Amino acid sequence: MSAKAAAPVQGDRALSEALFRYVLRLADTSLVLGQRLGEWIGYAPALEEDLGLANLALDLIGQARLLLTYAAEIEGVGRDEDALAFLRDAPEFLNLTLAEQPNGDFAHTIVRQWLIDAWQLEVYESLTGSADTRLAAIAAKALKETRYHYRFSSGWLVRLGDGTAESQARAQQAVDSLWRFTEELFTPDEIDERMAAASIAPQLAAAAERWVRRVDEDLRRATLVRPAPQPHPWHGKRGVHTEHLGHLLGEMQHLQRTYPGASW
Amino acid sequence: MSNPAADPPTADWPLFEVFIRSRSGLEHKHVGSLHAADARMAIEHARDVYTRRLEGVSIWVVRSAQILASDPAEADALFEPARDKVYRHPTFYAIPDEVKNL
């Protein structure tokens, strides 16, 4: 499928530029979260969870590959998925700030995963009806994976929250610590508005309502408390990141930076 | 044996046996075992451990403790008597040429 035929942005350079950045946001969120999950391999609390987390990571990296390939075609300056993944610096990454937060303990990883899974459920579900047929096709594939991810993470959230005193305390601590990054998920900027106006991406306000209902219901089942809303000075989707992303990229990009073009 | 759902939580996850149906119409086959806190988690673990390469379309799990197994010490009594009864195999009998469908 040709990118130019799929996207309703032909001939509109400003819209094309906005679409490029929008697709990068989706791609980078999946890529960075997938890289984070990969850090668990060999360290997860049980062999079965080790494989489970690796499966989620591979799904997310697969989504990132499809999205980065599309982004590269939209950009049209000869970069490919690998150039976008391995040769951009932190300020050029447009992932949600939440995705780059360190793994912490298992509860921390689960809460981060659950918050993003619930977000991706809303976003991908809406994108399946996108005016951009390429994006709609990618979203349809990613949605199936995300449904499983959410089943996995929300299941663990309830186990931990409604588990022992120790697991409950850790889960609540993770929710309290990560909640400040959730404001960014549904705060639209000019790119989100442009995408929504072109019927490419969902209106974030409507998706936010569904996300809040879902998250509240899960918290209730997990006997956890939703923290008060907090203002967010982080704007990962605009390229303004916490210090953690630089370290993550240092590890992820090390090989390609040291041996450019290396492959196997 | 009590209902596994009612078992008290333990520090160690119990063992489950996993059965996978590779295609619709085929039977579920035993593929291995894994640890999980309960049946729901066992299904998820089985999905992640045993169906990563598209091995299946359906999963059964059962607590290993709920399987009643034959005693190897009784193998002689259970299985030896069948050894000299080859006539129980249909191939033991010569089929007359006149019989077209059997």
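How many helices and strands does chain B have? In this predicted model, chain B has two helices and three strands. Read from the N terminus, the order of these elements is β-β-α-β-α. Chain B contains 102 residues, of which 15% count as buried. Among its contacts between residues at least 6 apart in sequence, 49% join residues at least 24 apart.

The strands of chain B are paired through β1(B). Strand β1 covers residues 15-21 and strand β2 covers residues 28-35; the two run antiparallel and are joined by seven bridges. One of the pairings places L15(B) with H35(B), its bridge partner in β2(B). The two strands form a hairpin with six residues between them, and G25(B), in the turn, has a positive phi of about 95°. Strand β3, residues 58-63, also pairs with β1(B) in the antiparallel sense, here over six bridges. In this second pairing, R21(B) stands opposite S58(B).

The side chains along β1(B) alternate.

Nonpolar side chains tend to be buried together in soluble globular proteins. In the model, the largest nonpolar core has 70 residues. Those with the most contacts inside this core are V23(A), A27(A), L67(A), A71(A), V111(A) and A171(A). Leaving aside neighbours within four places in sequence, A71(A) is in contact with F20(A), V23(A), L24(A), A27(A) and L84(A). A second, separate core has 10 residues, including V18(B), A42(B), A46(B) and V61(B).

Helix α6(A) is largely enclosed by the rest of the structure, because 19 of its 22 residues are buried. In helix α2 of chain A, which spans residues 13-38, lies Q35(A). Q35(A) counts as buried because 21 other C-beta atoms lie within 10 Å, the cut-off being 20 or more. Beyond residues up to four places away in sequence, Q35(A) touches L248(A) and M252(A). Q35(A) and M252(A) are 217 residues apart in sequence, yet their C-alpha atoms are 7.3 Å apart in space.

The contact between the chains takes eight residues from chain A and 10 residues from chain B. On the side of chain A, helices α3 (47-75) and α7 (133-161) each supply at least two residues. Helix α3(A) gives the most, with four residues. By class, this side of chain A has three nonpolar, three polar and two charged residues.

The predictor gives the complex an ipTM of 0.77 and a pTM of 0.87. Chain B averages a pLDDT of 88, and 89% of the residues score at least 70. Over residues 1-6 of chain B, however, the pLDDT is below 50. Beyond near neighbours in sequence, this stretch has seven contacts in the model. Where pLDDT is low, the predicted coordinates should not be read in detail.

Terms used. Residues numbered from 1 in each chain as written. Chains lettered and ligands numbered in written order. Predicted model: local features only at pLDDT ≥ 70, side-chain atom pairs only at ≥ 80, totals over all residues. Buried ≥ 20, exposed ≤ 12 C-beta atoms within 10 Å, placed from the backbone. Contact = placed C-beta atoms within 7 Å. Nonpolar A, V, L, I, M, F, W, Y, C, P; charged D, E, K, R; others polar. Core = buried A, V, L, I, M, F, W, Y, C linked by C-beta atoms within 7 Å. pLDDT = per-residue confidence, 0-100. Pairing = 2+ DSSP bridges.
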